[in-house]
Amino acid sequence: MKLTSLLNIDYPIIQGGMAHISRADLAGAVSQAGGLGVLASGGLSLEEIRENIRRIKEITQKPFAVNVVLLHPQIRDLAQLVIDEGVEYITCGGGNPLPYFDSWIKAGIKVLPLIGNVKMAKKVQAAGALACIFEGAEAGGHIGSLNTMAELPAICDAVDIPVISAGGIYTGRQILAAEILGAQGVQVGSKFLLAEECPVHINYKNYLINALDSDTVVTGASFGHPVRVVKNRLTDQLQKLEAEGASQEEFNAMARGAGGLACDQGDTEWGSVMAGQGLAYLEKIQPAREIIQDLMNQYKEAKASLLK
Ligand SMILES: Cc1cc2nc3c(=O)[nH]c(=O)nc-3n(C[C@H](O)[C@H](O)[C@H](O)COP(=O)(O)O)c2cc1C
C-alpha cells in the first residue's frame, strides 16, 4: 500500500520532528497543507506537549504525528501521554523505541521509528512498525554514520514495510532520487526551518540563507554523539576542544544551552545553528504550504523529464 494512503495524507512528505522547534504552528501548517506535520517532544514538558497536541487539533483536522524522543526525562509518562491524547502517529528518535511498541500498537497508534541500519529496520518491522525512517548522515541535528546513497537501497531491500528517506531532501529532484532508491516518502527537516510558521529566530533563518553549501560541520563525534550544525564561533571552539582531547564534561559545558541561544535569542555566533547539508537550497522564507507545493511541483517536473 502506498505511504500516502497508509498515512491518509496528500503528499509523501513528513516534516521532521525538531526539538525546541517543531511545535503546533509548524506541525499544524504542514498537516493542513497535505503533508504529515510532526510535533517535537524534545525540549518540552509533558504539559507543553499536551497543550501543543490540542492546539494542532484546533489548527487542522488532518493527520499529524508526535516525535517521541526516547531520551525525554519523563519518557514513561510521555509514552502514556500520547496514548491518552489519542495520538494516531508517532515518529521516534534518540534511542530504542522497542520497549514501548506493544503498548502503542495495542492502543492503535501507528509507529514510524527512525532507524540507522538494516538490523534495526528488521527489528522494528518484526515489532509491528507501520513504516521506518532511514536518516542519512547528510541530515541536520543528531546524525548516524551511514549516507543515503549507499544505505537507503539496502534498507529498502531488507524490509517489506515502507521506508521513508530523511536527510538531504531540499528539492523535488531529491524526492525522485529517494523514490528511485526505493523509498516511498521523505522526511524533511532543515527546509522547514525556513517556513514562516517555524518559530526559530529570524537571525537563525538568515544565517541559513547566507551560509555556503560547504558550511556545515559535525561536532561531538569523538564522544559518540555527532551533531550536524552550521559552523560559527561555537563550533570552532567545540572542534578545538575535541582536537585537544578535552573531556566530555568540558565539551558539554560549552555546548549547554546553545540550542536555545540560537533558536530563541538569535545568537548565531555562540548558539547551535543545526541544519543539514543542503544549505545551497535554503534560499528564502516561505509558508509551509508553499514549501510543500514547490517540492511536489519540482518532483513532478523531474519525473516528467526522465520520461522524455
Ligand atoms: C534543528 C533540528 C532539530 C532536530 N531535532 C530532532 C528531534 O528532536 N527528533 C528527531 O527524531 N529528529 C530531529 N531532527 C532530525 C529531523 O527530524 C530530520 O530527520 C532531519 O532534519 C532530516 O534531514 P534534513 O535536515 O537534511 O532535512 C532534527 C533536525 C534539525 C535540523
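Which residues in α3 meet which residues in α4? The second legend below gives the answer, after an overview of the predicted model.

**Figure 1. Overview of the predicted protein.** The protein has 13 helices and 11 strands, which are DSSP runs numbered from the N terminus (helices: H or I, at least four residues; strands: E, at least two). Its radius of gyration, taken over C-alpha atoms, is 18 Å, close to the 19 Å given by the globule rule for 308 residues, so the protein is as compact as a globular protein of that length. The globule rule is 2.2 Å times the number of residues to the power 0.38. Along the principal axes, the C-alpha atoms fill a box of roughly 50 × 50 × 40 Å. Residues are numbered from 1 along each chain as its sequence is written, and side-chain values use heavy atoms, with hydrogens and water left out. Local features need pLDDT of at least 70 and side-chain atom pairs count only at pLDDT 80 or more, while totals for chains, interfaces and linings use all residues.

**Figure 2. Packing of helix α3 with helix α4.** Helix α3 (residues 46–59) and helix α4 (residues 75–84) pack at an angle of about 20°, with axes 11 Å apart. Axes are lines fitted to C-alpha atoms, for helices over the stretch in contact, and angles run from 0 to 180 degrees between N-to-C directions. The two helices α3 and α4 are therefore roughly parallel (angles under 35 degrees; over 145 is roughly antiparallel, 65 to 115 roughly perpendicular and the rest oblique). From α3, L46, I49, R50 and I53 meet D77, L78 and L81 of α4, where contact means heavy atoms within 4.5 Å. This contact of α3 with α4 comprises 5 nonpolar, no polar and 2 charged residues (nonpolar: Ala, Val, Leu, Ile, Met, Phe, Trp, Tyr, Cys and Pro; charged: Asp, Glu, Lys and Arg; polar: the others, Gly among them).

**Figure 3. Packing of helix α10 with helix α11.** The axes of α10 (residues 233–243) and α11 (residues 248–255) lie 10 Å apart, at an angle of about 175°. This makes α10 roughly antiparallel to α11. L234, Q237, L238, L241 and E242 of α10 form the contact with E250, F251, M254 and A255 of α11.

Figure 4. Leaving aside residues up to four places away in sequence, Q187 touches residues including I14, I133 and I164.
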